Amino acid sequence: MQSPQSNPSENQRALISWRDVSAALDELIEKTQRTLDVVDQSLAFQDWGTKARCGALMVAMRERRVRVRMLIVDTQMVSTELPRLLQLLKTLGHQMTIVAAPEGAFPASNFVVADQQHVLFRPNSVRSTGSLYFHNPYKSIGYAHTFEVIWQQGGRRVFPEAFGL
C-alpha cells in the first residue's frame, strides 16, 4: 500500500479555476504547521479577505502558532478591499506581517509556500491556472528561497493603525 507521500496524484494537482485555487489555499492553510509565506500582486483573486479564509488563518496562527508573511505590490487593496484581513493583522500582528514588495523585486508569478514543504503556484495575477504540490521540497524550496530573498530586501510594512484601526 502506498503512503500519501508516494502517491503523486494526491501530492500534485493542476489548478484550473478560481474555485480550484481557493480550495487549494484552504488545504494549504490547514496543513501549515510553522510558516505560510505568500507572494501575490494584490491578494484580490484568492479570497484573502473572506470570513472563511481569515478564520482559517486565525485558527492556524492561534492554535498552531503559524507565522504568516505576505509580500504584495498593492498594499492599498488591503485597506480598501480586505477589512477582515486588516483586522486580523491588528489582532495577531505578532504572528502576521504584510509588506509591500520593493519595486522591481517582485517575481512574475504568485505563490504560497507552507513550511517549505508545500507550494501553490500561479503564473500571474489574473489567470486562475496553477499547480499545487504537497510534501515536495524539490518544488517548494526554490519558491521559499525566492520569497526569502525578496523579504530580506525589505519594503514598506502595512500597519493597521495607519488606516485608523
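A salt bridge is a side-chain nitrogen of Lys or Arg within 4 Å of a carboxyl oxygen of Asp or Glu. With that definition, a search of the whole structure gives five salt bridges.

Good morning. Before I continue, please note that this is a predicted model, in which local features need pLDDT of at least 70 and side-chain atom pairs count only at pLDDT 80 or more, while totals for chains, interfaces and linings use all residues. Residues are numbered from 1 along each chain as its sequence is written, and side-chain values use heavy atoms, leaving out hydrogens and water.

Let us begin with confidence. The pLDDT, the predictor's confidence in each residue, runs from 0 to 100. The protein chain has a mean of 86, with 90% of its residues at 70 or more. Helices (H or I, at least four residues) and strands (E, at least two) are DSSP runs, numbered from the N terminus. Confidence is lowest in helix H1, residues 8-11, with a mean of 66, and highest in H3, with 96. Over residues 1-7 the pLDDT is below 50. Where pLDDT is low, the predicted coordinates should not be read in detail.

I return to the salt bridges.

Next, how do H2 and H3 lie relative to each other? Their axes, lines fitted to C-alpha atoms over the stretch in contact, with angles from 0 to 180 degrees between N-to-C directions, come within 10 Å and cross at roughly 15°. The two helices, H2 and H3, are therefore roughly parallel, a term for angles under 35 degrees. In contact (heavy atoms within 4.5 Å), Ser22, Leu25, Asp26 and Ile29 of H2 meet Arg53, Ala56, Leu57 and Ala60 of H3.

Finally, H3 (residues 51-63) also packs with H5 (residues 83-91), at about 15° and with axes 9 Å apart. H3 and H5 are therefore roughly parallel as well. On the H3 side, the contact residues include Cys54, Leu57 and Met61; on the H5 side, they include Leu85 and Leu88. Thank you.

Note on methods:
Parallel < 35°, antiparallel > 145°, perpendicular 65-115°, else oblique.
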